[in-house]
Amino acid sequence: MEIDNHKNVTYGQCRFCLARGHHRDLMKEYFFNGIREVYSEIFSETFNFLLSNSTQLTNLICSTCIHRLRDATSFRMMAMSTERQLLEAINTGNGKNTEFVDVLSEDALDSRGNVKTESQQAIREETAECRSALEIADNGLDISDYLSDNECENSFDSFVDGEAELLARFKDLQPLPTKASLVSLCPEFCKQLLAFKDSKVLPQTISKLVKDYELIQESRIVRRQYVTEKLAHIVNATTVLECSNVTPFRSKSRQGFPCFYCRHLFESLERLKEHTAKHKTHEILKVLRTYGAESLVVYVDITNLKCKICNKDMPNLNELKHHLINVHKKKMHLDFTDRIIPYKLCDSGIYECQMCGFSYETFGAIERHMNVHFRNYVCKDCGTGFVTRYRLKVHVKSMHIDGTHPCEVCGKIFSTPQKHKNHVNTVHKLMKRFKCTKCPERFGEYFRRQKHMVQVHGLAPLRYKCNVCVKSFDRRYTLSRHMKRDHLEERDYQCELCSYKCFTKNELRVHMVKHNGERIYECSVCKKAYARKKTLKEHMRIHNNDRRFACAVCGQAFVQKCSLKGHLKTHHLEYSM
């Protein structure tokens, strides 16, 4: 058994199928069942083809291609062994290890050596004879006469050339069946062979039996009904909505829960359920048809999930689907991607993921999290999965495509027109686009509105709790940074010019200023220049005598925090830890 971990695999693109993921290196040495493997050497030996050693090409191979390479190598070894045996049999004549069977007698050949044409009467008689032999075999036949005493003694110990070496190399392989072992492995086949003993079987007879069998099988074949992707999603969603007590809804907004059928907003979940019950089941199909195949997604609340047909409680949505198929014989297409996203809504404001159990304080956070479990569309550049193709397109535009929408005021470039518009309205026009849901007041930032909601309207403060420790944060980004730094220790971003690694893309961007940043921020007092505006602001504290970092022991104040730390280590060592 082979186990891959992050120590012997690398994230990248497979050299052969271009799949992205954690793959093995073509040039490194691995062991499989105790056998050394270097995949570049195996590839060149099997196909007599050398791969290019260009440094611009990937040197990774995925697990699927590794299995294909092993199969090709095994097939090559088998073909070479068989070819060697055939050549030895030709060179040595009818040797002891080669058995030749005469299928046709001289009476079946004409003067030119070709097979004589049989009459229809002869074919019918031979076919009847073969069928009678099959009937005898089906009714039961003693197979003690199948082997002679000499065959019973010797056949179990015989191996074909190379079989013993192959079995010693691959311990999981079973030996090839022999005439004696075939009696226990497939007794019915031996009965069939014994039933045809001393019978004359010609090619035309076999052809007639095969044609008759094919005609019988064709009459039993049921034509498969093919469905489009959109129709499959509609059938699956309609079946679940009609046969269960789930409550469908659209993506939750700040104002409340929107109805799946008419988009009316409701502040509480109970009012949404009461309203949804008034809609008829025939409206489901009408609504689902308005979606495209790539954007069709249905959010459902599965609190107290039950089957409407038998009123049985169901633990989750997957169990409900299998219950409807196996018990109530409902037709569903489970071979297509899943577009029914389960949630458990509650008025407390805490949303728990039904797949992994993690809790989220906002619906937007859990909605983005569900992309992890429903990877219907995967980004080919970074491997991130998304529920719908629309979300994938938004991701590609914002993350992997250079911006084409520059700001006419400050020159900053944005990837989408909406981001450009938001920037202009917020930064240059100072528009307050975040409106309070309780009063007419507006705010320029989302977190200022949240603070207003807590202080003025008594809304519970929004806190993102860590699932590992007891810490909580006011921003989702801060929680994510805490998880990477303190628990996962994932430094996913590495500088291309030095060995520096960091946790976030923004940290890497700030670091890159050291390599390619120009000192464009100049002090108006002493003319010192800095690459970052933040560094210039810290420098200006010296000229303004801004001593904001005070020692808690002696009261001495400093301009910079590093100066305070040095003071503590020098004068108050017991407080510096």
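Good morning. Two strands are said to pair if DSSP finds at least two bridges between them. With that definition in hand, let us turn to the structure, which is a predicted model.

I begin with strand β9, residues 298–301. Four bridges join β9 to β10, and these two strands run parallel. One of the residue pairs involved is Asp 301, whose bridge partner in β10 is Tyr 343.

These strands belong to an open sheet of three, in the order β6-β9-β10, with mixed pairing. Why is one side of β6 and of β10 left without a neighbour in the sheet? The reason is that β6 (247–249) and β10 (340–343) stand at the edges, so each has a single partner strand. On average, and ignoring direction, neighbouring strands of this sheet are turned by 35° against each other. Across β6 and β9 lies helix α10, residues 269–276, which runs at about 105° to β6.

Next, the nonpolar cores. The largest one contains 44 residues, and the members that touch the most others are Leu 320, Ile 341, Tyr 343, Leu 345, Phe 363 and Ile 366. Tyr 343, you will recall, is the bridge partner of Asp 301. At least two residues of this core come from each of α9 (229–243), α10, α11 (282–288), β9, α12 (317–326), β10 and α13 (363–369). Helix α9 provides the largest share, namely five residues.

Which residues does Leu 320 contact, leaving aside its neighbours within four places in sequence? They are Val 240, Ser 244, Leu 305, Cys 307 and Met 314. Apart from this core lies another, of 10 residues, including Leu 26, Tyr 39, Phe 43 and Leu 69.

I now move along the chain to helix α17, residues 476–488. Within α17, Thr 478, Leu 479 and His 482 are buried. The buried residues of this helix pack against β19 (464–465) and β20 (472–473). Just after the helix, Glu 489 takes a positive phi of about 55°.

Finally, the annotation. An unreviewed UniProt entry assigns "domain: C2H2-type" to residues 351–373, 377–400, 405–433, 464–492, 493–520, 521–548 and 549–576. Let us consider two of these spans. Residues 493–520 are 43% helix and 14% strand, and the end C-alpha atoms of that span lie 26 Å apart. For residues 521–548, the chain is 43% helix and 14% strand, with the end C-alpha atoms 23 Å apart.

Thank you for your attention.

Definitions and conventions:
Residues numbered from 1 in each chain as written. Predicted model: local features only at pLDDT ≥ 70, side-chain atom pairs only at ≥ 80, totals over all residues. Heavy atoms only, no water. Axes fitted to C-alpha atoms, helices over the stretch in contact; angles between N-to-C directions. Contact = heavy atoms within 4.5 Å. Core = buried A, V, L, I, M, F, W, Y, C linked by side-chain atoms within 4.5 Å. Buried < 20%, exposed > 50% of the residue type's maximum accessible area, 1.4 Å probe, protein only. UniProt positions renumbered as here; feature names shortened; annotations may be inferred.
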